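Open the model in your viewer and keep the selection panel at hand.

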Amino acid sequence: MSDVLEIRDLRLRFRGYSGTSEVLHGISLNIRAGERVALVGESGSGKSVTARIVLGLLQELPSAQVDGGLFFEGEDLNRLSRRQWRALRGTSISMIFQDPTSSLNPVFTIGTQFAEVLRRRDPKLSREAADERAGTLLQSVSIHDHSRVLGAYPFQLSGGMNQRVVIAMALANRPSLLIADEPGTALDVTVQAQTLKLMHELVERSGTAVLFISHNLGVVREFADRVFVIYRGRIVEQGPTRAIFEDPGHAYTRALMAAVPRITGGGLPDFNDSESAFLDPMVVHGGGKA
Amino acid sequence: MSAVLRLLSRRLGISLIVLVGVSMLIFGIARVIPGDPARIALGPNATEEQVANLREALHLNDPVVVQYGHFVADLLQGDLGVSLYTNRPVTLDIAQFLPATLELVLFAGVLMVGIGLPLGMWSARYRGRWPDHLIRVVSLLGVSAPSFVWAVILMLLFAFFLPIFPIAGRITDSFEITRVTGFLLVDTLLAGNGAAFADALWHIFLPAFALAVSGIGQAARLTRANMVETYDRPYVEMAQAYGFSARRIAAKYAFKPSLIPSLTIIGLDFAAMLGNAFLVEAVFAWPGLSRYGVAVILRKDLNAIIGTVLIISATFLIVNLIVDLLIAFLNPRIRHSERGAS
């Protein structure tokens, strides 16, 4: 099966006043068409920068130095001009951010912002036609009073409502890859679960591949087909979700799993990350890499 | 829109209170200045009796509170009294001189917003790169000298060494323009006289620009600062992630949220130009309210002083009111707030 996204030996360095510091030390991962792949790790491990490199956003920072192979639907992204890369954003690749309410512009209505997104695919789209399309899309995320929502500003809607809006926007142009960077982390747990379930159904139906970035293994287990565990800029374990959860091979993965809070109590365990086991080589489960 | 109406009525009420305060203050101050206004008005050759008669006519022998009462009673009938300097009703004098000043300040305001905001927007879009550095240096230069200094510099450069612009006046004398609004740029257009309009524009440009320079710098710096902050917001990152063009993000999605906090200060700067206009008018011999204002203060022409200050205060308040309404219009949180937050 062909890969929607392939990342080969990706390295990222930031140039600062005191020399360069490497943030990603050679990451490789692949996502097949329609597959949901999770990239899991703690904050600062390099998850979000990876997402921004795929979009080509980080490369625009003068201080960032990116090396490595990036292929989207077989096409070498590094050979695209900035303009061509930008053309993929919002059309073939879209993204959902952590906090839906702050990722929507506070001074424009949902309708205005939705129309702008739809015009990425269809630049000549009239506002009326855009509102109609947006209405249908909002219905698919179970928003039924869509004309009120389109006329509203983000601050007038609940976080869960905004999250649905953002999901509808992300899938509006039928992207082949959706990057979800800790979606709904800012929402309360039940709303987060609802919207993730909704997102799950929609990407399954449309066959959209997802790069799902999270630190929450409980959520990942529900959502992803395959998991890549990232720790300090390196992939330390990869494999099908079930295999990783049944038999976590790397010390860091085990620590991460122990950190998932349980209702039955216990609290967060302490773990010693200076332990040498955290620097063990990558663990690959069967069926992990195509 | 009821939130906006509530806001409007509240601000109008506050403005009225401020105006009353200003009138009391200036009424008191004008009477504290040493010198007998009747004596100054009549000149050294007038007899004691004449002076006494004038003092009586002006109610100058009454206690200040009673004098203020007379003043308010007249004011409510639209009467600001007679100027001892021009011997005409103060309202007539103001009606003659105010339009020239207002035209100058409004034109300067247009320059301030029309140049300052785009400069700030540009600067923020190219933050950290050379257009940004250039604009920041230029706008710092703009704010670092007061407008009358700019007036002198610009006049020397562009009217004296390089005689591109006229040195003084509002329009070349040979044009006969019927006065409708008192704004020459409007009156010439109403008369359909294109040549006179161009001439008036040519005359107003340099003084208005001198008046606007520091405002332009201020507006550019403020817009840049607010926009640079906005660029770090998640919604701008989202716009970038969705491939909106850099130009569209700068001009729309990052600009509008940044405009709201800038606007209050820009409004204050705009109103402050009314005060600075006095000095610029003096440099460019602009026949506005400043000459009149200075002359009446030197002559201790009480009615005219109070009239002039009141009119300027009222204009200041009106400008602020307009800015508040503009902010309410731009900021959906104010427009849609249920409780009419201010």
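Domain bounds here come from an automatic or database domain assignment. This is a predicted model, in which local features need pLDDT of at least 70 and side-chain atom pairs count only at pLDDT 80 or more, while totals for chains, interfaces and linings use all residues. Residues are numbered from 1 along each chain as its sequence is written, and chains are lettered from A and ligands numbered from 1 in the order in which they are written.

**Stop 1: chain B and its domains**

Select chain B. Its C-alpha trace spans about 85 × 55 × 40 Å along the principal axes. The chain has 15 helices and zero strands; helices (H or I, at least four residues) and strands (E, at least two) are DSSP runs, numbered from the N terminus.

Now colour domain 1 (1-85 + 328-342) and domain 2 (98-298) of chain B separately. Their C-alpha centres lie 30 Å apart. Four residues from domain 1 of chain B and five residues from domain 2 of chain B make the contact between them, where two residues are in contact if their C-beta atoms, placed from the backbone, lie within 7 Å.

**Stop 2: a helix pair in chain B**

Select helix H1 (residues 2-32) and helix H4 (residues 64-76) of chain B. Their axes come within 11 Å and cross at roughly 125 degrees. The axes are lines fitted to C-alpha atoms, for helices over the stretch in contact, and angles run from 0 to 180 degrees between N-to-C directions.

Show side chains for B:Met24, B:Phe27, B:Gly28 and B:Arg31 on H1(B), and for B:Val64, B:Tyr68 and B:Phe71 on H4(B); these residues make the contact.

**Stop 3: where chain B meets chain A**

Show both chains. The contact takes 23 residues from chain A and 17 residues from chain B. On the chain B side, H10 (234-241), H12 (255-284) and H15 (332-335) each supply at least two residues. H10(B) gives the most, with five residues.

**Stop 4: helix H1 of chain A**

Which residues of H1(A) are buried? Select A:Lys47, A:Val49, A:Thr50, A:Ala51, A:Arg52, A:Ile53, A:Val54 and A:Leu55 to see them. A residue is buried if 20 or more other C-beta atoms, placed from the backbone, lie within 10 Å of its own. Eight of the nine residues of this helix (residues 47-55) are buried, so it is largely enclosed by the rest of the structure. End at A:Gly56, which follows H1(A) and has a positive phi, near 80 degrees.

Terms used
A residue is buried if 20 or more other C-beta atoms lie within 10 Å of its own, exposed if 12 or fewer, and partly exposed in between; C-beta atoms are placed from the backbone.
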